[in-house]
Amino acid sequence: MATDTTDTTLTGRAFDEFLEGQLADASFRAGFERKLAKVKSIAEVLQIIEAVRERENIPKAELARRMKRKPEAISRLLRGEGANPTLDTLIDLVDAIGLELDIRIRRQPAKRNGTYSPLKVHSTV
């Protein structure tokens, strides 16, 4: 995995080199790519929800009130800061905006390619 270090600090370059070494191990790489795919998919879900919230002009404070949560927690969640929301939180979030979350469970493809993710995000909003 080639890394672009043109705009990183010395620490960033050191981490990139460390990660590059770790990714040489096929088992580590598979686990890393699986985790990365999950993180990206969760971020995509939150970005879709945030885009709808903005389009509907629903203030984050109002969303927090509807969810009975603290405004700063909703703000952090929608900014994606370390976001790994529970299914319960996602359901509350989409419900508060007037959306529904549709989850399908099916068998994994027999042959996985390098872009496989256990979570697929599809949006119709």
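With which residue does Glu50 form a salt bridge, and how far apart are the closest N and O atoms?

A: In this predicted model, Glu50 forms its salt bridge with Arg53, and the closest N and O atoms of the two are 2.7 Å apart. Both residues belong to helix 2 (residues 26-55), where a spacing of three residues amounts to about one turn of the helix. Glu50 and Arg53 are both buried.

Another pair is found in helix 3. Here the side chains of Glu62 and Arg66 meet in a salt bridge, at 2.9 Å from N to O. Glu62 and Arg66 are four residues apart in helix 3 (residues 60-67), so about one helical turn separates them. Glu62 is partly exposed, its relative accessible area being 22%, and Arg66 is partly exposed at 37%.

A further salt bridge joins the side chains of Asp92 and Arg69, with an N to O distance of 2.8 Å. Because Asp92 lies in helix 5 (residues 87-97) and Arg69 in the loop between helix 3 and helix 4 (71-79), this pair ties together parts that are 23 residues apart in sequence. Asp92 has a relative accessible area of 26% and is partly exposed; Arg69, with 30%, is also partly exposed.

Salt bridges with shared partners link Glu50, Arg53 and Glu54 into one network. With a cut-off of 4 Å between a side-chain nitrogen of Lys or Arg and a carboxyl oxygen of Asp or Glu, the count comes to six salt bridges.

Key:
Residues are numbered from 1 along each chain as its sequence is written. This is a predicted model: local features need pLDDT of at least 70, side-chain atom pairs count only at pLDDT 80 or more; totals for chains, interfaces and linings use all residues. Side-chain values use heavy atoms; hydrogens and water are left out. Helices (H or I, at least four residues) and strands (E, at least two) are DSSP runs, numbered from the N terminus. Buried means under 20% relative accessible area, exposed over 50%, partly exposed in between (1.4 Å probe, protein chains only).
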